[in-house]
Amino acid sequence: MRIGILGSGLMGAKLGTLFARANHEVVFSYARSEKKLAKLARDAGPRACAGTPREAARGADALLLAVHWSRLDDVLGQAGDLSGKVLVSCSLPMNADDTALAVAHRSSGAEELARRLPKSRIVSAFNTIPSEVLFDVFAARRRAKRPSLVYCGDDRRAKKLAVELIRDVGFEPVDAGPLRIARYTEPFALLVAQLAYEGRGGPELAYRFERFAG
């Protein structure tokens, strides 16, 4: 697949690198500098390149949205028309000082994104794990037992594509249901991040779902 990375910070850079190493064509975009984008593309290998958000979106089978909520309008404006595009959102809708979710309880960042882009196909995934575990999981991806990774969305075809990407990174996908389930996974993801970066044991802690009951 051709995958555009909208937001090449911590999560976008790591996932984009893994997608490229899994033999997808990757375009990194929207970083603090062109120099950083060029280095990301170099380090990711021959399947990756650097570009603008519009170039990342052009011809992409999927887009990974990995920007801070405060930059959402800017990156979407630069990407242009995303009608029909699959957007895999791994961002949390954090407020300006990163102390709480700006969208929560009765809605979610994923649902708000779907309202802003009604002609796009939105899936929420990859945000319930700390980015520190990604490379280790990818390295061990051929093991019989894989850690689980939750995703949700309303578009069946988009979810099928997300499943491929989740498996390529080394996780076992767990379908949590429709996009509104992001109202529950996003607060959980924030809790995981707080545990990983602030709790005892730090980011080396592994987080996974074994199964959903009920």
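**Salt bridges in a predicted model**

Student: What is the relative accessible area of R183?
Tutor: R183 is partly exposed. Buried means under 20% relative accessible area, exposed over 50%, and partly exposed in between (1.4 Å probe, protein chains only). For R183 the value is 27%.

Student: Which residue does R183 meet in a salt bridge?
Tutor: This is a predicted model, where local features need pLDDT of at least 70, side-chain atom pairs count only at pLDDT 80 or more, and totals for chains, interfaces and linings use all residues. Residues are numbered from 1 along each chain as its sequence is written, and side-chain values use heavy atoms, with hydrogens and water left out. A salt bridge needs a side-chain nitrogen of Lys or Arg within 4 Å of a carboxyl oxygen of Asp or Glu. At 2.9 Å, N to O, the partner of R183 is E111.

Student: How many residues apart are R183 and E111?
Tutor: R183 lies in helix α8 (residues 182-198) and E111 in helix α5 (residues 109-116). Helices (H or I, at least four residues) and strands (E, at least two) are DSSP runs, numbered from the N terminus. The pair links distant parts of the chain, and the separation is 72 residues.

Student: Is E111 buried or exposed?
Tutor: Look at its relative accessibility. E111 has 10%. So E111 counts as buried.

Student: Which strand holds E25, the salt-bridge partner of R2?
Tutor: The side chains of R2 and E25 meet at 2.5 Å, N to O. R2 lies in strand β1 (residues 2-6), so the pair ties together parts 23 residues apart in sequence. E25 sits in residues 25-29, strand β2.

Student: How many salt bridges are there in the whole structure?
Tutor: R167 and E172 form one, at 3.6 Å, N to O. Others share partners and join D73, E112, R115 and R116 into one network. The search of the whole structure finds 9.
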